[in-house]
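Let's take a walk through this model together. Keep the viewer open and follow along.

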Amino acid sequence: MKILTIDTGTTNTRITLWRDGKAVSVAATQVGVRDTAITGSRSKLDEAVRDTIAAALEKGQATPDEVDLVLASGMITSNVGLHEIPHVLAPAGIADLAQGMECELLPHIFSKPIWFVPGVRNDVENIGLHNCEEMDMMRGEEVEVMGLIERLSLRGPAMLIMPGSHSKFVCIDESNQITGCVTTLSGELLHIITHNTILADSLDRDFATEINPEMLLAGAELAKRIGLGRACFNVRTLDQFTIYQRNDRANFLLGAVLGADLLTLKNSNAIRMRPGIDVIIAGKPILKQALALLVQNDDYFSGDVTVVPDDLQPQLAGLGAIAVARARKLVTP
C-alpha cells in the first residue's frame with residue numbers, strides 16, 4: 001500500500017511517501033501556513049504542497065495513480081491551511097482523532113482525495129481573564145504523540161515534552177488519551193534573545209553546542225528565583241566580568257529559558273502535572289539533553305525520565321497519521 005503523508009507547520013511542509021509501512025522518500029519546502037497569514041492568499045501554500053508531492057513521488061519512483069491514500073496533519077487543518085476542521089476536545093485518544101478526520105478533494109493540488117487529521121484542544125468554555133490560561137491547543141503534535149506511542153510501545157500515564165519553536169507539553173492518561181496540553185514560546189524566545197538583543201554579541205549569535213551542566217542548572221535556578229528577564233541579562237554580565245566562555249554563557253541562557261518551561265509544567269492550569277508521572281522527552285539532541293538534566297535535578301519530578309533516541313524520532317508525524325487512519329479503517333493492518 002502506498003501512502004502520502006503531508007505534515008505542514010507554520011513555516012515548513014514535509015511530504016513522505018510510504019510503501020507498506022516504510023518511508024521510502026521525503027521532500028520538504030520552507031513554506032507553511034505563515035505564508036497564508038502574511039499574504040492573505042493560499043496560493044503559495046497550494047503551489048508548495050502540489051510541487052512537494054510531485055517531488056516526493058519522483059524521489060520514490062511512484063506515480064499519482066499508484067497512491068492509495070493521502071493523509072494531512074498539522075497547521076494545514078487550520079483556518080490558514082488547506083482545509084479547516086475543528087479541534088477534537090480533550091480527553092481524546094486515537095479513536096477520537098480517527099472519528100474527527102475529514103476528506104476533501106482538492107484537484108488543483110492532487111488528483112486523489114486528501115484525508116485531514118484534526119488537532120486537539122483543551123476543553124475550556126466561556127474563556128475570559130479568569131480562565132484563559134487553562135486553554136491550549138495543538139495541530140500536528142497529536143499525530144507525533146500517536147507516533148511516539150506506537151514506536152515506543154508506550155503506555156501512559158506520561159508527560160510528553162516536545163521542545164521546538166513552540167514547545168509542547170502533552171499529558172496522556174493510562175488509556176493513552178491526550179488529556180491536555182500546554183504551549184510555550186521557549187524556542188522562539190531563545191532564537192530572538194540569541195540573535196536580536198544586546199546579548200547577541202555575548203553569544204556570538206549562536207546556541208549552546210554542548211551541554212555544560214553547571215551553567216545550565218545555574219541559569220535555571222536564577223530564572224526561578226528572580227525571573228527570566230533578569231536572568232537573561234546576566235549573560236552579558238558573565239561576558240563582561242568573568243572568564244566563562246561563549247558556550248558556557250549559551251548554556252546559562254538555555255537553562256534560564258527551559259527552566260521557565262518547568263515552572264509552566266508545575267503551575268499551569270492547562271494540564272494537571274503530577275510529580276510522580278513519567279516524562280518522555282523528544283526533539284533536537286541538545287534540547288533533549290538539557291531538559292532531561294533539568295528535570296532530573298528538580299525535586300518536584302520523581303517519575304522516570306526517558307529521552308527518545310535520535311533514530312526513533314524521524315517521521316513521527318507520518319507514522320502517527322497512518323496509525324490514526326488505521327483506526328479509521330482506511331489502512332489495513
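Which residues does leucine 254 touch, not counting residues up to four places away in sequence? With contact meaning heavy atoms within 4.5 Å, leucine 254 touches Leu190, Ala208, Ile211, Leu216, Leu287 and Ala290. Before going further, keep in mind that this is a predicted model, where local features need pLDDT of at least 70 and side-chain atom pairs count only at pLDDT 80 or more, while totals for chains, interfaces and linings use all residues. Residues are numbered from 1 along each chain as its sequence is written, and side-chain values use heavy atoms, with hydrogens and water left out.

Now zoom out to the largest nonpolar core, which has 43 residues. A nonpolar core here is a set of buried Ala, Val, Leu, Ile, Met, Phe, Trp, Tyr and Cys residues joined through side-chain atoms within 4.5 Å; buried means under 20% relative accessible area, exposed over 50%, and partly exposed in between, with a 1.4 Å probe and protein chains only. The members that touch the most other members are Met159, Ile161, Leu253, Leu254, Leu258, Leu262 and Leu265. Among the elements giving two or more residues to this core are strands E10 (158–162) and E11 (167–172) and helices H5 (186–196), H7 (213–226) and H9 (246–267). (Helices are DSSP runs of H or I with at least four residues, strands are E runs with at least two, and both are numbered from the N terminus.) H9 supplies the largest share of the core, 9 residues. There's also a second, separate core of 38 residues, including Met101, Val117, Leu160 and Val308.

Lysine 2 sits in strand E1 (residues 2–8) and counts as buried because its relative accessibility is 18%. Over in helix H11 (residues 316–327) you'll find glycine 320, which at 0% relative accessibility counts as buried. Glycine 320 and glutamate 150 are 170 residues apart in sequence, yet 7.6 Å apart from C-alpha to C-alpha. Beyond its sequence neighbours up to four places away, glycine 320 touches Val143, Met146 and Gly147.

The bond from alanine 90 to proline 91 is cis, with omega near 0°, and proline 91 is in the loop between strand E5 (88–89) and helix H3 (94–99). Another cis bond runs from glycine 156 to proline 157, with omega near 10°; proline 157 lies in the loop between helix H4 (141–152) and E10. As for phi, aspartate 204 has a positive value near 50°. Aspartate 204 is in the loop between helix H6 (200–203) and H7, and its relative accessible area of 52% is why it counts as exposed. Glutamine 315 has a positive phi too, near 65°, in the loop between strand E14 (305–307) and H11.

Last, the cysteines. A search of the whole structure turns up 0 disulfides, a disulfide being a pair of cysteine sulfur atoms within 2.5 Å. Cysteine 103 is partly exposed at 36% relative accessibility, whereas cysteine 232 is buried at 8%.
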